[in-house]
Amino acid sequence: MSPYFVAVDLGGTQIRTALCSADGQIFRKVVRKTEAKEGLEAVLGRIYASVDEAISDTPGSDICAIGVGAPGPVDPKSGMILEPPNLPGWKCVPLRSLLSAKFGRPTFLGNDANAAALAEHLYGAGRGVQDMI
């Protein structure tokens, strides 16, 4: 059996989470409202709950990593969300570290627009092209 990956798209209005394979097959999708106005801790709780739901009934040993696309600005090297305009109170939040500690899996953080472009290039409309805008 192939390992699984968890993908999280953190947005100002929705948190979309999916359990995926390395080849891009999606096995389970979870969508929750972000409710950003409720603050950092409430949104973190919803992110954790969405990951828990996405991986339910999946052995933890089968989960290889978690990838998060978040609104910028972000610092992928430190795994920190710096201060996105659509997530009030999210200033210098170490989301990568928080998720890695909670779920015990390597976690990666990137800008959501960059992550979307990479996904299109690997699995979507940009597959097989050399240049993509």
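Student: How do strand 2 and strand 3 pair, parallel or antiparallel, and over how many bridges?

Tutor: This is a predicted model. Strand 2, residues 14–21, and strand 3, residues 26–33, pair in the antiparallel sense over seven bridges.

Student: What does the hairpin of strand 2 and strand 3 have between the strands?

Tutor: Four residues lie between the two strands of that hairpin, and glycine 24 there takes a positive phi near 95 degrees.

Student: Which residues other than glycine have a positive phi?

Tutor: Glutamate 35 is one of them, with phi near 50 degrees. Its place is in the loop between strand 3 and helix 1. Aspartate 57 is another, with a positive phi of about 70 degrees. Aspartate 57 sits in the loop between helix 1 and strand 4.

Student: Is aspartate 57 buried or exposed, and why?

Tutor: A residue is called exposed when its relative accessible area is over 50%. Aspartate 57 has 78%, so aspartate 57 is exposed.

Student: And threonine 58, buried or exposed?

Tutor: The cut-off for buried is under 20%. Threonine 58 has a relative accessible area of 14%, so threonine 58 is buried. Threonine 58 is in the loop between helix 1, residues 40–55, and strand 4, residues 63–70.

Student: Which residues is threonine 58 in contact with, leaving aside its neighbours within four places in sequence?

Tutor: Tyr4, Leu19, Arg28 and Ile63.

Student: Next, charged side chains. How many salt bridges are there?

Tutor: The count comes to three. Take glutamate 53 and arginine 32 to begin with: their side chains meet in a salt bridge, with N to O at 3.2 Å. This pair links distant parts of the chain, since glutamate 53 is in helix 1 and arginine 32 is in strand 3, 21 residues apart.

Student: What does glutamate 35 form with lysine 37?

Tutor: A salt bridge, in which the closest N and O atoms are 2.6 Å apart. With a relative accessible area of 27%, glutamate 35 is partly exposed. Lysine 37 has 69%, so lysine 37 is exposed.

Student: Which residue does arginine 46 meet in a salt bridge?

Tutor: Glutamate 38, with N to O at 3.1 Å. Arginine 46 has 18% relative accessibility, so arginine 46 counts as buried. Glutamate 38 is partly exposed, with a relative accessible area of 48%.

Student: What about the peptide bonds: where is one cis?

Tutor: The bond from glycine 72 to proline 73 is cis, with omega near 5 degrees. Proline 73 is found in the loop between strand 4 and strand 5, residues 74–75.

Student: How does one find empty space in a model?

Tutor: A probe the size of a water molecule is rolled over the atoms, and this shows where empty space is left. Here, the largest pocket holds about 1,100 Å³ of space.

Student: How many residues line the largest pocket, and which lie nearest its centre?

Tutor: The lining has 33 residues, and those nearest the centre are Ala7, Cys20, Ala115, Ala119 and Tyr123.

Student: Which elements supply the lining of the largest pocket?

Tutor: Strand 1 (4–10), strand 2, strand 3, strand 4, strand 7 (107–111) and helix 3 (112–123) each give at least two residues. Helix 3 provides the largest share, nine residues.

Student: How does the lining divide by class?

Tutor: There are 19 nonpolar, nine polar and five charged residues in the lining.

Student: Where does alanine 117 lie, and how far is it from isoleucine 133?

Tutor: Alanine 117 is in helix 3. At 35% relative accessibility, alanine 117 counts as partly exposed. Alanine 117 and isoleucine 133 are 16 residues apart in sequence, and their C-alpha atoms are 8.5 Å apart in space.

Key: Residues numbered from 1 in each chain as written. Predicted model: local features only at pLDDT ≥ 70, side-chain atom pairs only at ≥ 80, totals over all residues. Heavy atoms only, no water. Buried < 20%, exposed > 50% of the residue type's maximum accessible area, 1.4 Å probe, protein only. Contact = heavy atoms within 4.5 Å. Pairing = 2+ DSSP bridges. 1 Å grid on protein atoms, 1.4 Å probe; cavity = no way out; pocket = protein on both sides within 12 Å on 5 of 7 lines; lining within 4 Å. Points joined across faces, edges and corners; volume = space filled by probe spheres on them. Nonpolar A, V, L, I, M, F, W, Y, C, P; charged D, E, K, R; others polar. Salt bridge = Lys/Arg side-chain N within 4 Å of Asp/Glu carboxyl O.
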